[in-house]
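Welcome! Please take a moment to look over the sequence and the 3D structure shown here, and then read on for a short tour.

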Amino acid sequence: MNREGQAATAGRALAERLGRVGLWTRQLDLRPTGQVREAVAELEELGWGSLWFWEVFGREALTSAALLLAATRRMVVASGIANVWARDPVAMAAAQRTLTEAYPGRFVLGVGVSHGPIVDARGHRYQRPLAKMRAYLEAMDTAPWQGPPLQDQPPRVLAALGPRMLQLAAERAAGALLYNTPPEATATARSVLGPGPLLAVEQAVLLETDPAAARRICREFIAFYLGLPNYTRAWERAGLGPEERAEGGSDRLVDAMVAWGGPEQVMERVRAHLDAGADHVCLQVLDPDPNGLPTASWRALAPMALLGR
């Protein structure tokens, strides 16, 4: 079987493990580890079967994955994403294999090239991201390993917004993770990936029914992304041009990026992504406090974790 066939097979298996709906979070970085253990244990008991987490300037991604895996028994934990500029390919491959051997079937490595300002702040020079990722994956695949042999190749997913990175994900990974994009981008991504590879989509959601309050919170959330060209280009490809980004974002942009309202509005957006070709939707649940832990909303949305199971 060629690489593309192997990727498609891995993608289908991974989609089954992740389930149709999971969670994505950055808030756990801000909590002491004792609270993190309690929070993820409750999420598992609520029925959430998968949890994605970020890496920026908080906890280191692979260490964080080990913490989350140790605090749960069944949950699939996925890095969304581990920054390729943060560690060399041999270290990334070794960490992936270590977690795969320790927690069989429960760790998914999501990797990405991140964004210029974040990479620059690390002391690196952000350039030629596609070439960087291609060479990085090749080096991961040929990295030496002196640990216990693994039965299967551990799955990896690429953070991808543009068509070329999506094509690379179809060739060299189990699939792709989209972040902060509307269902129109999901449909485009599926057409690029083809039918086999996993397509996971992050979707920000907010349980708030008052339009003024909801859009105020949503604008605070998207403000950071308005300055990142990777996202603005992706939004333009989805029909959200520069005029939609003026003055903190139009109502149309806000409503496209964040599904706000009650659980029924959230479910409507989840189904839009699934109908557009997503295999898995991971919900980034917002809280009125940007740094707050949205425990009540996680509980309220927990029935969605059972979708398709």
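Is Glu 60 buried, partly exposed or exposed? Glu 60 has 31% relative accessibility and therefore counts as partly exposed. Buried means under 20% relative accessible area, exposed means over 50%, and partly exposed is in between (1.4 Å probe, protein chains only).

Before going further, a word on the background. This is a predicted model, in which local features need pLDDT of at least 70 and side-chain atom pairs count only at pLDDT 80 or more, while totals for chains, interfaces and linings use all residues. Residues are numbered from 1 along each chain as its sequence is written, and side-chain values use heavy atoms, with hydrogens and water left out.

**Salt bridges**

Side chains of opposite charge can pair when their charged atoms come close. The structure holds 16 salt bridges, each being a side-chain nitrogen of Lys or Arg within 4 Å of a carboxyl oxygen of Asp or Glu. Here are some of them:

| Salt bridge | Closest N and O atoms |
|---|---|
| Arg 87 and Glu 60 | 2.9 Å |
| Glu 171 and Arg 134 | 3.7 Å |

Arg 87 forms its salt bridge with Glu 60. This pair links distant parts of the chain, 27 residues apart: Arg 87 is in the loop between strand E4 (82-83) and helix H4 (89-102), and Glu 60 is in the loop between strand E2 (50-53) and helix H3 (61-70). Helices (H or I, at least four residues) and strands (E, at least two) are DSSP runs, numbered from the N terminus. Arg 87 counts as buried, at 12% relative accessibility.

Elsewhere, salt bridges that share partners join Glu 138, Asp 141, Arg 156 and Arg 172 into one network.

Two packed helices are described by the angle between their axes and the distance between the axes. Axes are lines fitted to C-alpha atoms, for helices over the stretch in contact, and angles run from 0 to 180 degrees between N-to-C directions. The axes of H6 (residues 129-141) and H7 (residues 163-172) come within 10 Å and cross at roughly 10°. The two helices are therefore roughly parallel, a term for angles under 35 degrees; over 145 is roughly antiparallel, 65 to 115 roughly perpendicular and the rest oblique. Residues in this contact (heavy atoms within 4.5 Å) include Leu 137 of H6 and Leu 168 of H7. By class, the contact has six nonpolar, no polar and six charged residues. The salt bridge between Glu 171 and Arg 134 also joins these helices, Glu 171 lying in H7 and Arg 134 in H6, so parts 37 residues apart in sequence are tied together.

How do H7 and H8 cross, and at roughly what angle? The axes of H7 and H8 (residues 183-193) come within 9 Å and cross at roughly 50°, so these helices are oblique to each other. Pro 163, Leu 166, Gln 167, Ala 169 and Ala 170 in H7 meet Ala 189, Val 192 and Leu 193 in H8.

**Around Ser 250**

Ser 250 lies in the loop between H11 (242-245) and H12 (251-257). Ser 250 is buried, with a relative accessible area of 18%. Leaving aside residues up to four places away in sequence, Ser 250 touches Arg 219 and Glu 244.

Note on methods. Nonpolar A, V, L, I, M, F, W, Y, C, P; charged D, E, K, R; others polar.
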